[in-house]
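Trainee: I am new to this structure and would like to go through it step by step. Could we begin with the terms and then turn to the chain itself?

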Amino acid sequence: MEDGFMYAILAMGFYITFTILDFPDLSVEGTVLTGGVVCAIMIEAGITPYLAMIAAFLAGCIAGSVTGILHVKLGIRPLLSGILVSTALITVNLVGAVVGNGGSFSGDGALSNVTISRSSPALFRVFPFTLLPETVGQVNLRQLVSFFVIALLVKLLLDAYLKTKSGLLLFATGDNAQFTTMLAKNPGTSKILGLALGNGLAALSGALIAQSRGNANQGMGLGMVVIGIASVIIGLSVFGKLRFMKPTTMVILGSVIYQACLGIASILGVPSAYNKLIMALLFTIALVLSGRLNRKKQEV
C-alpha cells in the first residue's frame, strides 16, 4: 500500500503524458531523482517537507518543460527529447547531490547519495502526522497515512485541473492536434504544459521515495518508466469498465496492484535480484491485456 501510493503520483504523471498526450516520455528517469535530491537537500537543511516537496515538483516541471521545448520548438522526436533531458539530468543530479553533501563537484560519483537523517523533518515526522501512532504492528502507520494523503490530494487537484479549459485542451491536443489549432490554440503549448505537469508529478513521487528510503541516490530513477506506464495500463485495463470511477482513481489502484505483485513475489522468496525481470514480465502482461481490450472495443 505504501509503495503503491508513493508510485501512484508517478503513474498519474504518466497518465498525462502517455495516455492523454500519447507522448512516450523517458525524461522521468532523471526527474524522479531530481525530485528526490532537491527534497533531501532541503529537508536536511531543516526546511519543512511541505516546501521541499513543492520545490521538487517545480524542479520536475522545469525539466519537463525542457523536454517539451526540445520536441515542440526544435522538432526533436519525443523519445530522443526524453533521452536528452534524462541524460543531462544525470550531471545535474550528481552536482546537486555532491553540493548537498557539503562537497565540491570534481566528477567523482562517490558522494552521489544524499541521506535524510532520522532527526530531519521528513513528512511523516511533522504535524499533523505526528498525532498518529508511529507504528501499528509491523506497519509504519504515519508513513502509510502521509503517502495516502499526498496521493489523494494530488488526485483531487489533478481531477479539478482536467476539468478546466486548459485541462480539456490537453485531451484535445492528444486526440487531434489539428482540432486544437482550429480552436485558435497552440497545441505545442499544451504539450509543453502537459510534459511539465507530468514530470512535476514524477519529481514529487521521487521526493516521497527519498523520504521513504531515507536517501536519494543515482539508482532511484532506474525502471521508473516501466513502473509508471505499467501502473497506468493495469489500472485502466482492470477498472476501465467501471464508468463511475475516475481514471486517476484507476491509476492509483493500478499502482497498488503492481506493487502488490512485487510484494507477493518477495513473500514467495524470489530473490531481489530478479525484481527487474518481474517488473518487465508484469509490464508485458499489462501491455498484452491492454491490447486485447482495445481490440475488443474496436470490434464492438
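Mentor: One term is needed at the start: rings of Phe, Tyr and Trp (its six-membered ring) pair if their centres lie within 6.5 Å. Planes over 60 degrees apart count as edge-to-face. Keep in mind that this is a predicted model.

Trainee: By this rule, to how many aromatic pairs does the count come?

Mentor: The ring centres have to lie within 6.5 Å. By that rule, the number of aromatic pairs is 2.

Trainee: Of what kind is the aromatic pair that Phe124 and Phe147 form?

Mentor: A pair of aromatic rings is described by the distance of the centres and the angle of the planes. For Phe124 and Phe147 the centres are 6.4 Å apart and the planes make an angle of 70°. An angle over 60 degrees puts a pair in one class, and for Phe124 and Phe147 that class is edge-to-face.

Trainee: How many residues apart in sequence are the parts that this pair ties together?

Mentor: Phe124 lies in the loop between strand S1 (113-115) and H5, while Phe147 is in helix H5. The pair therefore ties together parts whose separation in sequence is 23 residues.

Trainee: Is Phe147 buried or exposed?

Mentor: Buried means under 20% relative accessible area. Phe147 has a relative accessible area of 0%, so Phe147 is buried.

Trainee: Which element gives the largest share of the largest nonpolar core?

Mentor: The largest nonpolar core has 70 residues, and those with the most contacts inside it include Ile9, Met12 and Leu158. Among the elements that give two or more residues to this core are helix H1 (2-20), helix H5 (141-162) and helix H8 (187-213). The largest share is 12 residues, and it comes from H1.

Trainee: Leaving aside neighbours within four places in sequence, which residues is Met12 in contact with?

Mentor: Contact means heavy atoms within 4.5 Å. With those neighbours set aside, the residues in contact with Met12 are Ala151, Val154, Lys155, Leu158, Leu201, Thr248, Val251 and Ile252.

Trainee: What is the radius of gyration of the chain?

Mentor: The chain contains 11 helices and 2 strands. For 300 residues the globule rule gives 19 Å, and the chain comes close to this, so it is as compact as a globular protein of that length. The radius of gyration of the chain is 19 Å.

Trainee: What percentage of the residues in the chain is buried?

Mentor: The count runs over the 300 residues in the chain. The buried share is 47%.

Technical notes
Residues numbered from 1 in each chain as written. Predicted model: local features only at pLDDT ≥ 70, side-chain atom pairs only at ≥ 80, totals over all residues. Heavy atoms only, no water. Core = buried A, V, L, I, M, F, W, Y, C linked by side-chain atoms within 4.5 Å. Buried < 20%, exposed > 50% of the residue type's maximum accessible area, 1.4 Å probe, protein only. Helix = DSSP H or I, 4+ residues; strand = E, 2+ residues; numbered from the N terminus. Phe/Tyr/Trp six-rings, centres within 6.5 Å; stacked < 30°, edge-to-face > 60°. Rg over C-alpha atoms; globule rule 2.2 N^0.38 Å.
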